[in-house]
Amino acid sequence: GFSYGIEYWEIWNEPDNNVPRFNQMWTGTKEQFYELYDVTAKHLKSCFGDKIKVGGYGASGLYGVYYHPDKYGVDVPKREKDDRYECDIYRVEFFLGFLEYITKHNSPIDFFSWHSYANVEKTLVLDNYIHKKLTEYGYGDLERHFNEWNNAHENRFYGTSYASAANGAMICAMQNSHSYMGCFYDTRVMPTAYSGFFAPLTYEPTCTYYAFYAFGELFALKNQVECAFENKEVGAYAVASKNGDKKAIMLVNHFEEARQVYIDNVEDCDVYLIDQDHYITKADVSATEFVIAPHQVVLIKNY
């Protein structure tokens with residue numbers, strides 16, 4: 001009896017999650033899943049047309065491209081075979097087979113969804129690879145949903161500066177990626193490595209929550225503006241936004257060392273710190289020149 005107006009309908013989740021003999025999500029063959037997707041997508045579209053968007057399939061993580069960078073056309077160091085090889089290669093071949101099938105059968109697809117639990121730079125490689133293959137198969141304008149990620153999914157990182165900086169870095173980096181949306185996994189109030197927004201006993205927000213809060217400040221301003229590093233290093237990330245006279249910058253230091261920061265055009269701004277000891281704490285420093293601590297997120301704004 002409920003009517004929720006749900007627009008996006010993802011068909012299945014991680015059917016490629018490990019080889020068939022040990023798959024918690026899908027125990028059939030690749031081809032059986034492709035057929036299920038085709039039949040389901042066509043039926044839903046015949047019933048609801050453009051009122052809904054259908055897609056899938058929640059790809060587990062195409063880390064297999066690292067084993068054979070030349071074969072898959074990615075510019076990364078080659079990864080030596082290990083105990084993950086069979087599983088990771090299977091996922092890449094699953095992805096390529098899916099694109100072959102839906103192209104051949106003209107299966108409806110409004111978005112492609114994928115997951116990654118790798119670090120920022122490795123995830124950007126996957127984002128570019130997915131963009132490349134979708135474009136090659138004629139789906140260059142398809143929505144891409146990065147709808148499951150967490151790059152600090154270890155118990156030792158729960159509620160730490162490392163976690164807030166890792167997740168803040170991912171948000172900043174993916175803002176300029178090919179993905180349309182990203183969904184953090186997850187925000188349950190539980191003592192698990194895959195949550196991290198709230199303290200499980202007190203329910204209080206952690207510093208990871210406030211990294212997302214900072215990005216929300218930029219998102220509310222609606223207009224991204226150029227934000228460039230004079231000396232860009234892997235581990236430093238930033239995004240800037242503006243609306244009228246309001247402006248804000250989110251800056252992330254995902255290094256083990258502190259960094260001296262010099263910023264132009266922020267003379268009228270205040271600096272707010274985010275780490276395990278600071279939850280959007282206003283700092284008594286100049287926004288144009290300050291030191292950003294190891295694994296610290298900084299929000300700079302003039303309102």
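On a 1 Å grid over the protein atoms alone, a cavity is a set of points where a 1.4 Å probe fits but cannot get out, whereas a pocket is an open set with protein on both sides within 12 Å along at least five of seven lines; residues with an atom within 4 Å of a point count as lining. Grid points are joined across faces, edges and corners, and the space filled by probe spheres set on the points gives the volume. The model examined here is predicted, so local features need pLDDT of at least 70 and side-chain atom pairs count only at pLDDT 80 or more, while totals for chains, interfaces and linings use all residues. Residues are numbered from 1 along each chain as its sequence is written, and side-chain values use heavy atoms, with hydrogens and water left out.

A search of the whole structure finds 1 cavity of 30 Å³ or more. The largest cavity holds about 60 Å³ of space. Its lining has 15 residues, and Ala152, Tyr158, Ala163, Ser195 and Gly196 are the closest to the centre.

At least two lining residues come from each of β7 (236–243), β8 (246–253) and β9 (259–262), and β8 gives the largest share, 6 residues. Helices (H or I, at least four residues) and strands (E, at least two) are DSSP runs, numbered from the N terminus.

What lies in the nonpolar interior? A nonpolar core is a set of buried Ala, Val, Leu, Ile, Met, Phe, Trp, Tyr and Cys residues joined through side-chain atoms within 4.5 Å. Buried means under 20% relative accessible area, exposed over 50% and partly exposed in between, with a 1.4 Å probe and protein chains only. The largest nonpolar core has 69 residues, of which Phe95, Phe98, Phe112 and Tyr129 touch the most other members. Helix α3 (residues 85–105) provides the largest share of this core, 10 residues. Apart from it lies another core, of 16 residues, including Ala240, Val266, Cys269 and Leu273.

Contact means heavy atoms within 4.5 Å. Not counting residues up to four places away in sequence, Phe95 touches Tyr57, Leu62, Phe112, Tyr129, Ile130 and Lys133.

Rings of Phe, Tyr and Trp (its six-membered ring) pair if their centres lie within 6.5 Å, and planes under 30 degrees apart count as stacked, over 60 as edge-to-face and the rest as tilted. The structure holds 36 such aromatic pairs. Tyr57 and Phe94 form a tilted one, 5.2 Å centre to centre with 55° between the planes. Because Tyr57 lies in strand β2 (residues 53–59) and Phe94 in helix α3, this pair ties together parts that are 37 residues apart in sequence. Tyr57 is buried at a relative accessible area of 0%, and Phe94 is buried with a value of 0%. Phe95 and Phe112 form a tilted pair, with 5.2 Å between centres and 50° between planes. Phe95 belongs to helix α3 and Phe112 to strand β3 (residues 111–116), so the pair ties together parts that are 17 residues apart in sequence.

Finally, which residues does Ser161 contact, leaving aside neighbours within four places in sequence? They are Cys207, Asp275, Gln276 and His295. Ser161 is placed in helix α5 (residues 161–175) and is buried, with a relative accessible area of 11%.
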